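Could you go through this one with me? I have jotted down a few points to check against the picture.

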Amino acid sequence: MDMQRIRNFCIIAHIDHGKSTLADRLLEFTHTVTGREMQEQLLDNMDLERERGITIKSHAIQMKYTHEGEEYTLNLIDTPGHVDFSYEVSRSIAACEGALLIVDASQGVEAQTISNLYLALGHDLEIIPVLNKIDLPGADPEVVADEVIDLIGCDREDIILASGKEGIGINDILDAVVKKIPAPKGDPSEPLQAMIFDSVYNPFRGVEVLFRIFNGTIQKGDKIKFVNTGKEYDADEIGILGIQQKPQQSLSAGNVGYLISGIKVAKEVKVGDTITHIKRPCEKTVKGFENVKPMVFAGIYPVDTTEFEELRASMEKLQLNDASLVWEPESSVALGFGFRCGFLGMLHMEIIQERLEREFDMTVITTVPSVQFKALMNDNTYQLVNAPSDMPEPNLFKHIEEPFVKASIITAAEYVGAVITLCMEKRGLIKNQVYLTSERVELTFDMPLAEIVFDFFDKLKTISRGYASLDYELIGYRASHMVRLDVMLNGEPVDALSSIVHRDKAYEWGKRLCEKLKELVPRQMFEIAIQAAIGSKIIARETVKAMRKNVLAKCYGGDISRKRKLLEKQKKGKKRMRQVGNVEVPQEAFMAVLKLD
Amino acid sequence: MVAMINKELVLQKGYLGENKVIKTLYFGGGTPSLLSFTHLESISQTIRRNYTTDLEEITLETNPDDLSAAKLAELKKVGIDRLSIGIQSFDGRILKFCNRAHSAKEALEALEKAKGAGFERLSIDLMYGFPHQDHSIWEKDLAIAILQEPDHISSYCLTISPKTALGKWEKQGRFVQADEEFVAVQFEIMQERLGSAGYIQYEISNFAKPGKYASHNSNYWRSVPYLGIGPSAHSFDGKSRQFNVANNNRYIKSIKEDLVPSTLETFEGVDRLNEYLLTSLRTIWGVDLNWIEANFQINLTAEKEAILDKLQSDGLLQNQDQKLTLTNKGKLLADSIASSLFL
């Protein structure tokens, strides 16, 4: 294939700015699919993705488009649109020469879009700006175009006005892709150098590896190697991605394709890794490879303690197609046996929880999410703290360090005050404030990741009436005065309710937690003291008063049977509660921390 | 109906075993005081003819307004020696709320008449836990009841079942139940007043002067077999419970065909033990740990050590000579406590 007639591009867009619909139109206009075949939002395969309106995992599709009598091969590489998956986005971007920047003509540019745009510019991608949803009554293309011009310094006439829904501007986009995005560079005769930008788990065929070839040619049956993992495989099947996969004998530099080589576990395939030949390896790997590290940790426990093995089996299956999920067995006095899991972020955590429930019918308790802290020990070594129970005794360490992020928030000018207040509450340090237009402001903060992973985004949305957008990147660890806050019920510590919090916030946190638990723990035969403590120091207390009266008035013949059955039924219901000392704790209580105000 | 009851008595002849001696009879459920002398006499005859009897207590449930001098004389003649009188309250408003035909005055007169007719064993039914029944009304009800010196008082807390009129009203928001604290205080007032008047709370809702416990009812709570006759009646043979159909027509139709229209509920092992715990804990006789060990091969003290310790240290339960009984405080939580001991 003539490399000059290949175009590799991706789409950068904020959630809800219409990326999926627009992608569908591109497929339709290039006759890759007919309208009738078209499922809505074709690129989003998983139910979950479709419902959330987020492309969680990126995929790729090849289209043919004829421009001025020449047929071009257009590879569209889809990108996930959530900060949890920013590394994957960066790899998709690295596989392209150009990007469509899609901005909702009524909403304007959002933080996520900007950060991905910067990533694309960093990779020297040609940016094609598109204002989408111009058919909507709320569209304000003039103002939004100004924003885009400010952002990328393009000319007004470069901006394509489009509507995915109405099919407006689609041919303009396709023409621009061909005309503006450069053809890939590379040499088909050099040693093979291809980059993995995604993988898809197929229960029947194993892991399908999606890759972009920078140099060289891969033939069906070649002996190949993944450089970073060092694993070797046979290229059993290679091909290009249409609506269905199309097997090929060979693929060469500039192109995008898939590889099947009998890999059974997603973990073996690392996004960003380099594929080369065993016999004639490339000299350099593709730059930018990282081992993805989990950012958020939480315990996952079966609601029914007897379902631990079932949960393990489900987690194993999940891991087959989700390489970023890590876990190890963990046990809790209150919750029994479960798993300590590492997630890319809170969205990833929610997705795992939902997939466990939907695909495996498992009901689980998720404990307080935590980030990874580091304790600088007295002997100057670092100990990782992924869970409150990992926290060393105070006399054994010098200080705790916590991950900080650079958070970028774009909001309407009228909410700047509220956003700053919120970020300060979350221990944020304001770094920068830039007016993108007279109406829209970009604020930059250094913030502890621990404060962001909780309910920060929800709160941000609430105070800005849904208009603020957030992006963040890790900038390193900083010393913070973190303490472990424990919760006790009638003097018995409840390990699953412990959390690591900043000392200055511990009192407020403990108080709110006790109040919430008071609502959730039902009255029992005894008074229940709910206490929050740091070490041996009690910092908050609430009391659940004892039940006053629970006795049947009449107890003859039939009443006895009825009552016994009722009590036995209640007792069975209580089995779903967890016993902490003499106190019965309902499931919801363990999630209480997630729902504080 | 009476003919059918007589017939069921014959059909059920063997239920308790051939040589079982019947010591107590109880005419109750509905309004048996409506039965004429002839009816009561015929039932009584059927029992004597078909069962071995050595009757020590024959109770009849009655409304105060049914107790005329003539009626009382008839009851006496049939052999009834104990009356359980559904007074419920001496307060006009409460009686009206309960839809009772009698007034407070009629209730007092009925008691006088019964005593006059020579009935020494009298039980009064009282009710509490009405949302508008101030504690002072309840205290007054108890005081009046005590002044009448019945040897037995059954005192029930208002219970709302979903299918009753009150249940429906509650659902519609037309009626709001008294809150738990209010009812708990009334329970405590009841314990205190009746206790100081010399009544023993030998079961959660039953109080009697020493030696005057209702023998018949006590048997329900002590797992003694009993036979119930009539629509909706239930029986217990020591292992299983049997419920007669409630519908009168279906009952009659079935008995006519020589069939007792009942459903059987057998319960063994854990169910039986749980039921024993539920009923025994309510009584003065308590839970006999030795009996459990002998009958179920279960050492409850070992099995439930933590909760038993906690219940005792919180003053809800006591263990004397391997008998578990509830304290006054514990009686308020009898169901929770029983359930915490369930296996």
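1. Start with the lining of the largest cavity: its residues split into 7 nonpolar, 2 polar and 3 charged. (Ala, Val, Leu, Ile, Met, Phe, Trp, Tyr, Cys and Pro count as nonpolar, Asp, Glu, Lys and Arg as charged, and the others, Gly among them, as polar.) Helix α11 (residues 270-280) of chain B gives the largest share, 4 residues. Among the lining residues are A:I560, B:R241, B:E275 and B:W291.

2. Keep in mind that this is a predicted model, where local features need pLDDT of at least 70 and side-chain atom pairs count only at pLDDT 80 or more, while totals for chains, interfaces and linings use all residues. Residues are numbered from 1 along each chain as its sequence is written, chains are lettered from A in the order in which they are written, and side-chain values use heavy atoms, leaving out hydrogens and water.

3. Is A:I114 buried or exposed? A:I114 counts as buried because its relative accessibility is 2% (buried means under 20%, exposed over 50%, partly exposed in between, with a 1.4 Å probe and protein chains only). You'll find A:I114 in helix α4 (residues 111-122) of chain A.

How values were computed:
On a 1 Å grid over the protein atoms alone, a cavity is a set of points where a 1.4 Å probe fits but cannot get out, and a pocket is an open set with protein on both sides within 12 Å along at least five of seven lines; lining residues have an atom within 4 Å of a point. Helices (H or I, at least four residues) and strands (E, at least two) are DSSP runs, numbered from the N terminus.
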